[in-house]
Amino acid sequence: HLACPMNALPRGGPLRSVQEVWEEFSLSFTPAVREVVEFARHIPGFQNLTQQDQVTLLKAGTFEVLMVRFATLFDVRERSLRFLSGATYSLPELQAMGMGELLSSMFDFSEKLASLNLSQEELGIFTALVLVSADRSGMENASLVEQLQETLIRALRSLILKNSPNDTSRFTKLLLRLPDLRTLNSMHSEKLLSFRVDT
Ligand code: HEM
């Protein structure tokens with residue numbers, strides 16, 4: 001099996017080749033990846049970045065955007081995880097599939113994000129910020145990306161201050177989720193790599 005919630009069929013039939021497993025898996029995650037690309041196009045200023053920098057940010061940041069987008073698949077109270085197929089698995093079932101430390105880090109992240117009760121608008125700007133804050137190594141025009149990041153940070157801060165004037169820590173707490181996403185991204189990349197090597 002392929003134990004990632006982006007997989008619609010984590011426990012498909014027994015006699016499938018590695019190729020078939022990957023083909024089915026890519027059918028289930030490709031639409032989500034396309035949505036990220038589409039979302040990026042609608043970030044004001046994103047299309048003013050060089051073509052190459054847009055690609056670099058999307059490569060580095062798509063997982064992080066998807067993590068925010070699909071954080072609600074993790075049911076913190078029930079300790080269960082819903083896959084894209086809609087099938088829900090309990091923690092012991094997930095552990096039996098081989099999930100472990102990364103899974104629990106994702107539960108922690110989802111819990112912290114949910115506790116901030118972001119509105120749709122706040123979540124939208126935050127998600128744009130996540131993409132623009134992706135790994136900057138090899139940027140052609142880093143200062144243009146930085147300007148865009150600063151614009152998004154200012155927009156997010158004023159929106160959050162407007163929405164919750166009595167909770168001054170809310171903005172800071174939200175920004176602290178950015179390094180969490182970096183960590184999850186690198187842990188998840190290792191899983192992805194070792195899956196490809198093992199199979
Ligand atoms: C594990 C691929 C996005 C959550 C994995 C594995 C692969 C993979 C190959 C290893 C599976 C195994 O060893 O059986 C991908 C690809 C993604 C993607 C190609 C992007 C399109 C995501 C997202 C989330 C996620 C957005 C969270 C919302 C997980 C979890 C595991 C996992 C929880 C298992 C962690 C553990 O073993 O503790 N993923 N994934 N993945 N992925 Fe993904």
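Modeller: With a relative accessible area of 31%, R79 is partly exposed (buried is under 20%, exposed over 50%, partly exposed in between, using a 1.4 Å probe and protein chains only). Before going on, note that this is a predicted model, where local features need pLDDT of at least 70, side-chain atom pairs count only at pLDDT 80 or more, and totals for chains, interfaces and linings use all residues. Numbering starts from 1 along each chain as its sequence is written, and side-chain values use heavy atoms, without hydrogens or water.

R79 belongs to the loop between β1 (74-75) and β2 (80-82) (strands are DSSP runs of E, at least two residues; helices are H or I, at least four; both are numbered from the N terminus). Although R79 is not a glycine, its phi is positive, about 55°. Most residues other than glycine have a negative phi. N117 is another case, with a positive phi near 45° in a residue other than glycine. You will find N117 in the loop between α4 and α5 (120-132), and N117 is exposed because its relative accessibility is 64%.

Now to the ligand itself. Its shell has 24 residues, and A3, C4, G100, L103 and H188 are the closest (each with a heavy atom within 4 Å). By type, the shell holds 19 nonpolar residues, 4 polar and 1 charged (Ala, Val, Leu, Ile, Met, Phe, Trp, Tyr, Cys and Pro are nonpolar; Asp, Glu, Lys and Arg charged; the others, Gly among them, polar).

Four helices each supply at least two residues of that shell: α1 (18-41), α2 (51-69), α4 (101-115) and α8 (177-198). Of the contributors, α8 gives the most, 4 residues.

Turning to oxygen atoms of the ligand, one lies 2.9 Å from a backbone N or O atom of A3. For G100, a polar backbone atom is 2.8 Å from an oxygen atom of the ligand. In K191, an N or O atom of the side chain is 3.4 Å from a ligand oxygen.

One residue of helix α1 deserves a friendly mention too: S28 lies there. S28 counts as buried because its relative accessibility is 14%. Its side chain reaches the backbone oxygen of M6 at 2.9 Å. Beyond neighbours within four places in sequence, S28 is in contact with M6, N7, A8 and L84 (heavy atoms within 4.5 Å).

Terms used:
Polar contact = N/O pair within 3.5 Å; in protein donor to acceptor, adjacent residues only side chain to side chain.
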